[in-house]
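Subject: Structure handover

Hello,

Here is the structure I promised you. Please open it next to this email; my notes follow below.

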Amino acid sequence: KTDSDIFPKEQADGFWEKDHGVLETGITNITEEIITWQNQLHTIATKESLFVEPSTGRKFIAGVIHDITQQKRTEQIIQESETKYRLLAENVRDVIWTMDTQLTFTYFSPSVEKMFGYTVEEALNFPMAKHLSPQSLETVMNMYQKEIAREEHGRIDPSQSATLEFEQYCKDGSQLWVEVTVAALRDDNGVALGYVGITRDISRRKKTEEDLKKSRERYQLAFQASKDALWEWDLETNEMYNSPRWMEILGYEAQEERNLGEEWSSMVFDDDLINSIRLFEEHLQGQSPIYETQYRVRHKDGSFRWIHTRGIAVRDEAGKAIRMIGFNADITQRKFAEDALIYLTIVDGDGLGSLGSSQLMSTVVLAQEAPNYSFLISQIRTQDGTAFLDFTRNGGDACEFDAYRSEEHTSELQSH
């Protein structure tokens, strides 16, 4: 069959023209073209060459035709994909880069100029050592050596990536804190062909972290001087920080591994816990300028301490609370004195007479000198001219202090 028997006339005429050209010139013809075959479009690659029979001088053409339709479709998909990702790479703020296994950069996205001041050409011509500070270079090389060792021992995960934070030089000589995520580019057999990475500017985040650290240190020094305990709660990550003073207030040593942040709710008296949570939620919702409450918390020795807590929410631009910071003060002694004064006021004129605040304070001092000094007055009673202040120790043991009153309104204290 001839071309005219197989293909449409216009297409067959085109084939004949190419064949005739090869016969006339003797030049091999190589072409790619789209043809119609069985009512479908196909892309074919054709190679036609002239041959001459030595004995007769007869000329004929030999050719090879390859259907490359699928290949062309694949190339088109790849080209569209490359165009899409190149457009993405050229418009992101982060720097996308690639390097070979010799750690030579082979690609930088245009954003490298905005971040570091180098043009793409300048960045490609700089070896990695000139991009990094000595300490940063050491960090990167240590990670690289570990990955090479893993490769040599066959412990590889094709989907694995590594993230590092270090300082990198800018063109003007300044240094920029960056976060770099890097992964290996591998062939079908898992062999590393190079690396692809994304570099992100985290200098603002680093400055915020450093400012927060310095602020925390200043507050810590201030609270150490005031014997209060600093606390901070990240509401987004649920991470809780308590200063060492909080451990001390609750009777724990610094080296004891206790997460007092998580244990807090189980250590607070039930009634106080309900009220504290209610006030906390009200503050988070913006119903109060500060969070302030008092509650009783269980000490390591089984007794309790009165705690005065004050805190304030740090909010984002939308007004959502993202962090709480505050302090805890041990007010056990103050609460003891306040309770004693209240009871004294109630019974004044009913047996205590001239037993005033100075006399009561002597009672408080005597009580504090006793072991486990945290007491509460359970009742005040009089008998034969003697005023009895009944105290209950934190652990539940009862004790009493007698206030004796003479004709001259002098008093003395006895402990029973």
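One definition to start: a residue is buried under 20% relative accessible area, exposed over 50%, and partly exposed in between (1.4 Å probe, protein chains only). This is a predicted model, in which local features need pLDDT of at least 70 and side-chain atom pairs count only at pLDDT 80 or more, while totals for chains, interfaces and linings use all residues. Residues are numbered from 1 along each chain as its sequence is written, and side-chain values use heavy atoms, with hydrogens and water left out.

Salt bridges

A salt bridge here is a side-chain nitrogen of Lys or Arg within 4 Å of a carboxyl oxygen of Asp or Glu. The whole structure has 14 of them. Helices and strands below are DSSP runs, numbered from the N terminus (helices: H or I, at least four residues; strands: E, at least two).

Start with E209. Its relative accessibility is 39%, so E209 counts as partly exposed. E209 forms a salt bridge with K206, with 4.0 Å between the closest N and O atoms. Both residues sit in helix α8 (residues 203-226), 3 residues apart, which is about one helical turn. In general, an α-helix has 3.6 residues a turn, so residues three or four places apart point the same way. E209 and K206 also belong to a network of salt bridges that links them with E165, E179 and R205.

Next, R200 and D94. Their side chains meet in a salt bridge at 2.7 Å, N to O. R200 is in strand β8 and D94 is in the loop between α3 (69-89) and β4, so the pair ties together parts 106 residues apart in sequence. R200 is partly exposed, at 42% relative accessibility. D94 is buried, at 16%.

Then D272 and R296. This salt bridge is 2.8 Å, N to O. D272 belongs to helix α11 and R296 to strand β11 (residues 291-298), so the pair ties together parts 24 residues apart in sequence. D272 is buried, with a relative accessible area of 10%.

Helix α11

Helix α11 covers residues 270-284, 15 residues in total. From first C-alpha to last it reaches 21 Å, close to the 21 Å expected at 1.5 Å a residue. That expected span is 1.5 Å times one less than the number of residues.

Which residues of α11 are buried? They are D272, L273, S276, L279, F280 and H283. Seen down the axis of α11, the buried residues fall within an arc of 135 degrees, so they line one face of the helix. The arc is that of the directions from the helix axis to the C-beta atoms. On the other side of α11, D270, D271 and I274 are exposed. Just after α11, G286 has a positive phi of about 80 degrees.

Two strands count as paired if DSSP finds at least two bridges between them. An open sheet of 5 strands runs in the order β5-β4-β8-β7-β6, with antiparallel pairing. β5 (105-108) and β6 (161-169) are at the edges with a single partner strand each, so one side of each has no neighbour in the sheet. The twist averages 25 degrees from one strand to the next. For such angles, axes are lines fitted to C-alpha atoms (for helices, over the stretch in contact), and values run from 0 to 180 degrees between N-to-C directions.

β4 (residues 95-100) and β8 (residues 192-201) are antiparallel and joined by 6 bridges. D100 stands opposite G194 in β8. β7 and β8 pair antiparallel over 9 bridges. There, L185 has G194 of β8 as its bridge partner. The hairpin of β7 and β8 has 5 residues between the strands, and G190 takes a positive phi near 85 degrees in it.

Helix α7 (residues 134-152) lies across β6, β7 (175-186) and β8, at about 160 degrees to β6. Contact means heavy atoms within 4.5 Å.

Two loop residues

Two non-glycine residues deserve a look on screen. L103 has a positive phi, near 65 degrees, and is not a glycine. L103 lies in the loop between β4 and β5. L103 is buried, at 16% relative accessibility. N238 is not a glycine either, yet has a positive phi of about 65 degrees. N238 lies in the loop between β9 (229-234) and β10 (239-242). N238 is exposed, at 56% relative accessibility.

Best wishes
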